Amino acid sequence: MATLISIKVECHSGYKADEYPTCFYWNENRYDILEIIDRWYQGERDPAWPVSNYFKVETGRGGPYIIKHELENDRWFLCS
């Protein structure tokens, strides 16, 4: 099972808020997102798993990284 690490994320907001991440902060370091490699959506099949968007991103500082955005409570996590 993946470990979720709470992170701060800056996003592009276009036709909707927090459309996609542009950078994230982890361990006091800024990771600029160079490319979103993949993205997917977690629906409401199981109430134990909140509705979320996932992004597989390339930063130029290692990775790729998978980050999760829980939509209901607007929380971001790094999946490790």
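Tutor: Before we start: buried means under 20% relative accessible area, exposed means over 50%, and partly exposed lies in between (1.4 Å probe, protein chains only). This is a predicted model, where local features need pLDDT of at least 70, side-chain atom pairs count only at pLDDT 80 or more, and totals for chains, interfaces and linings use all residues. Residues are numbered from 1 along each chain as its sequence is written, and side-chain values use heavy atoms, with hydrogens and water left out.

Student: OK, is Lys68 buried or exposed?

Tutor: Lys68 counts as buried because its relative accessibility is 2%.

Student: And which side chain does Lys68 meet in a salt bridge?

Tutor: That's Glu70, at 3.5 Å, N to O. A salt bridge here is a side-chain nitrogen of Lys or Arg within 4 Å of a carboxyl oxygen of Asp or Glu. Glu70 is buried too, at 9%.

Student: How many salt bridges are there in the whole structure?

Tutor: Three. Glu10, Arg30 and Asp32 are linked in a network: Glu10 meets Arg30 at 3.7 Å, and Asp32 meets Arg30 at 2.7 Å.

Student: Switching topic: where is Phe55?

Tutor: Phe55 is in strand β6, residues 52-58. Strands (E, at least two residues) are DSSP runs, numbered from the N terminus. Phe55 is buried, as its relative accessibility is 0%.

Student: What is Phe55 in contact with?

Tutor: Leaving aside neighbours within four places in sequence, its contacts include Tyr20, Ile36, Tyr65 and Trp76. Contact means heavy atoms within 4.5 Å.

Note on methods:
Helix = DSSP H or I, 4+ residues; strand = E, 2+ residues; numbered from the N terminus.
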